[in-house]
Amino acid sequence: METASDLATRLTRASRKKFWDVYNAFTWPEALVEGMWMMPPELISLYGTPAWDSLDEAQRLRLSHFELGNFFSLVLQGERPLVQGLVDRLYSKKNSKEITEYLHHFVDEENKHMVMFGEFCHRYIGKVYPEKKISLPREYAKGEEEVAFFCKVMVVEELGDFYNITIEKDERIEPMTRELNRVHHIDEARHLAFGRLYLAELFERYRAGWSEEQLAGFRSWLVEYLRASWGDYYNPTVYRDAGLADGYELRQMALAHPATAAFRQRASAKLVSYFVKTGLLAEEPAL
Ligand SMILES: [Fe+2]
Ligand SMILES: [Fe+2]
């Protein structure tokens, strides 16, 4: 069976073959094409709720603009700690030379993604939405911090990839917006392949040393982390920027609505089934 180290060798080769320059990859238009969707309606956080039904077409388009800005910002804000964590793990004695070699590409590609999302958001949205997550210090079982770090990576990358793929395929979407989603997905396919195998190996290595209580504690943290990550997709500032009143109430209403719960379940299906299959989660959580 292929190990994460073997896979890393293949992925390094692929990253070198597809090596790209973020500063010359795009011709940034003066403005985005007007009147087109930026986030497909079905992916907008209010979709399927009464609040969505009450919006006219112009309001929906405006909301799609800021929702896309929020999505790109979320990915960018997730990539910052990701790069930090990957850099910490370069040349670690726990990893093979091949893994360190691949982590260099992982870091390089994530850095480029931040540059491209940052440029897009500054040019067309007027800002990058700030990071919302706060991480509380806690006690870890042996290896738990390592496993938790790669779980966070999986969550940001798998959810992001679901959006990237859906947006990239959608012909209603503004072309520059589609292009960034397309470019991101190409690199992410490699990161996800690596992450899936590497995280499974890590968990396998450490879980034997955890008590039942520690395992249960870890699993409830993971469910909470997944829920908090979804919560970031319902941003009151986005609603305000789109000209909608009562942003916080809108967020609460949307998060509690069965239509959005069904969407989150569907959008996380691949990620959750991986967590269950590997034993990182005992069962599918309600999201
Ligand atoms: Fe990325
Ligand atoms: Fe990535």
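Biologist: Is Val-115 buried, partly exposed or exposed?

Modeller: This is a predicted model, and Val-115 sits in helix 4. Within 10 Å there are 14 other C-beta atoms. A residue needs 20 or more to be buried and 12 or fewer to be exposed, so Val-115 is partly exposed.

Biologist: How far apart are the C-alpha atoms of Val-115 and Leu-222?

Modeller: Along the chain, Val-115 and Leu-222 are 107 residues apart. The separation of their C-alpha atoms is 29 Å.

Biologist: Which residues are in contact with Ile-125, leaving aside its neighbours within four places in sequence?

Modeller: Ile-125 also belongs to helix 4. It has 20 other C-beta atoms within 10 Å and is therefore buried. Beyond its neighbours within four places in sequence, its contacts are Phe-66 and Gly-69.

Biologist: How far apart in space are Ile-125 and Asn-95, C-alpha to C-alpha?

Modeller: In sequence, 30 residues separate Ile-125 and Asn-95. In space, C-alpha to C-alpha, the distance is 40 Å.

Biologist: At what angle do helix 1 and helix 4 pack, and what is their relation called?

Modeller: Helix 4 covers residues 97-125, and its axis is 8 Å from that of helix 1. The angle between the two is about 45°.

Biologist: Which residues of helix 4 make the contact with helix 1?

Modeller: Helix 1 passes helix 4 in a left-handed crossing. On the helix 1 side the contact is made by Ala-4, Ser-5, Ala-8, Thr-9, Leu-11, Thr-12 and Ser-15. On the helix 4 side it is made by Glu-98, Ile-99, Glu-101, Tyr-102, His-105 and Glu-109.

Biologist: How far is Ala-14 from His-105 in space, C-alpha to C-alpha?

Modeller: Ala-14 lies in helix 1. With 16 other C-beta atoms within 10 Å, Ala-14 is partly exposed. Ala-14 and His-105 are 91 residues apart in sequence, and their C-alpha distance is 10.0 Å.

Biologist: How do helix 1 and helix 6 run relative to each other, roughly parallel or roughly antiparallel?

Modeller: Helix 1 spans residues 4-17 and helix 6 spans residues 175-207, with their axes 10 Å apart. They pack at an angle of about 165°. Since angles over 145 degrees count as roughly antiparallel, the two helices are roughly antiparallel.

Biologist: Which residues of helix 6 does helix 1 meet?

Modeller: The crossing of helix 1 past helix 6 is left-handed. Helix 1 contributes Ala-4, Leu-7, Ala-8, Leu-11, Ala-14 and Ser-15. They meet Arg-190, Ala-193, Phe-194, Leu-197, Tyr-198 and Glu-201.

Biologist: What span should helix 3 have, and what is the distance between its end C-alpha atoms?

Modeller: Helix 3 has 33 residues, 57-89.

Biologist: What is the phi of Tyr-91?

Modeller: Tyr-91 lies in the loop between helix 3 and helix 4, just after helix 3. Its 11 other C-beta atoms within 10 Å make Tyr-91 exposed. Although Tyr-91 is not a glycine, its phi is positive, at about 60°.

Biologist: What is the phi of Asp-246?

Modeller: Asp-246 is in the loop between helix 8 (236-241) and helix 9 (247-256). It has 13 C-beta neighbours inside 10 Å and so counts as partly exposed. Asp-246 is a residue other than glycine with a positive phi, near 55°.

Biologist: Which residues have the most contacts inside the largest nonpolar core?

Modeller: That core has 61 residues. Cys-151 is in contact with Leu-199, Leu-222 and Leu-280, leaving aside its neighbours within four places in sequence. The residues with the most contacts inside the core are Met-39 and Cys-151.

How values were computed. Residues numbered from 1 in each chain as written. Chains lettered and ligands numbered in written order. Predicted model: local features only at pLDDT ≥ 70, side-chain atom pairs only at ≥ 80, totals over all residues. Helix = DSSP H or I, 4+ residues; strand = E, 2+ residues; numbered from the N terminus. Expected span 1.5 Å × (residues − 1). Core = buried A, V, L, I, M, F, W, Y, C linked by C-beta atoms within 7 Å. Contact = placed C-beta atoms within 7 Å. Axes fitted to C-alpha atoms, helices over the stretch in contact; angles between N-to-C directions. Parallel < 35°, antiparallel > 145°, perpendicular 65-115°, else oblique. Left-handed = near helix turned anticlockwise from the far one by under 90°.
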